[in-house]
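Visitor: I would like to learn how to read a model of this kind, feature by feature. Could you begin with the general idea each time and then turn to the case at hand?

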Amino acid sequence: MRDKISPQASLVLGVLCERRCHLTAEEILSSLDGIGMATVYRALEHLTELGLVRKLLVGKKSALYEYVRKEHMHFVCRQCGRVYDVAADFSGMIGEAAKCCGHQVSWSEVTAHGICQSCRAQSRQESAS
């Protein structure tokens, strides 16, 4: 595996670090000049292999990408499709996986699905009208 980060991959990583949200490859590309979609996808693949970026498949047509920060889970609103980060401690789950099965866990991913607070409030307002 290549450990070096190309100038293009550095630009892609910079967008994810700066925006600090979940972005599609197309959204990343729209923030950059002078590189093409194939280059963005190659950069995202390499950054994912290096563990700097996480690829999220949350039921949308396009994958979402995020800069890997501290461990957290995701909440996906099934109404508006927005993805939220939720602080979480996975140390107990990781410890259990190691204890019961002898696995070595490098990272974990948990995604909850439901209706976000904003959509719930909007729905209540519409019902009251």
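Guide: A nonpolar core is a set of buried Ala, Val, Leu, Ile, Met, Phe, Trp, Tyr and Cys residues joined through side-chain atoms within 4.5 Å, where buried means under 20% relative accessible area, exposed over 50% and partly exposed in between, with a 1.4 Å probe and protein chains only. This is a predicted model, in which local features need pLDDT of at least 70 and side-chain atom pairs count only at pLDDT 80 or more, while totals for chains, interfaces and linings use all residues. Residues are numbered from 1 along each chain as its sequence is written, and side-chain values use heavy atoms, with hydrogens and water left out.

Visitor: Which residues have the most contacts inside the largest nonpolar core?

Guide: In soluble globular proteins, nonpolar side chains tend to be buried together. Here the largest core has 17 residues, and Val12, Ile28, Val40, Leu44 and Tyr65 have the most contacts inside it. Helices H1 (7-19), H2 (25-30) and H3 (37-49) each supply at least two residues of this core, helices being DSSP runs of H or I with at least four residues and strands runs of E with at least two, numbered from the N terminus. The most is given by H1, with five residues. A second, separate core of five residues includes Leu56, Val58, Leu64 and Val83.

Visitor: How are H1 and H3 placed against each other?

Guide: Axes are lines fitted to C-alpha atoms, for helices over the stretch in contact, and angles run from 0 to 180 degrees between N-to-C directions. Angles under 35 degrees count as roughly parallel, over 145 as roughly antiparallel, 65 to 115 as roughly perpendicular and the rest as oblique. The axes of H1 and H3 come within 9 Å and cross at roughly 75 degrees, and the two helices are therefore roughly perpendicular. On the H1 side the contact (heavy atoms within 4.5 Å) is made by Gln8, Ala9, Val12, Leu13 and Leu16, and on the H3 side by Thr39, Val40, Ala43, Leu44 and Leu47.

Visitor: Is Tyr65 buried or exposed?

Guide: Tyr65, in strand S2 (residues 64-67), is buried, with a relative accessible area of 5%. Its C-alpha atom is separated by 7.5 Å from that of Ala25, 40 residues apart along the chain. Beyond four places in sequence, the contacts of Tyr65 include Leu16, Ile28, Leu44 and Arg54.

Visitor: In what order do the three strands of the open sheet lie?

Guide: Strands of a sheet pair through backbone hydrogen bonds, either parallel or antiparallel; the criterion used is that DSSP finds at least two bridges between the two strands. In this open sheet the order is S4-S3-S5, with mixed pairing. S4 (83-87) and S5 (111-114) stand at the edges with a single partner strand each, so one side of each has no neighbour in the sheet. Strand S3 (residues 72-77) runs antiparallel to S4 and is joined to it by five bridges, with Ala87 of S4 as the bridge partner of His72.

Visitor: How many aromatic pairs does a search of the whole structure find?

Guide: A pair of aromatic rings is described by the distance of the centres and the angle of the planes. Rings of Phe, Tyr and Trp (its six-membered ring) pair if their centres lie within 6.5 Å, and planes under 30 degrees apart count as stacked, over 60 as edge-to-face and the rest as tilted. The search finds one pair: the ring centres of Phe75 and Tyr84 are 6.2 Å apart with planes at 55 degrees, so this pair is tilted. Tyr84 counts as partly exposed, at 22% relative accessibility.
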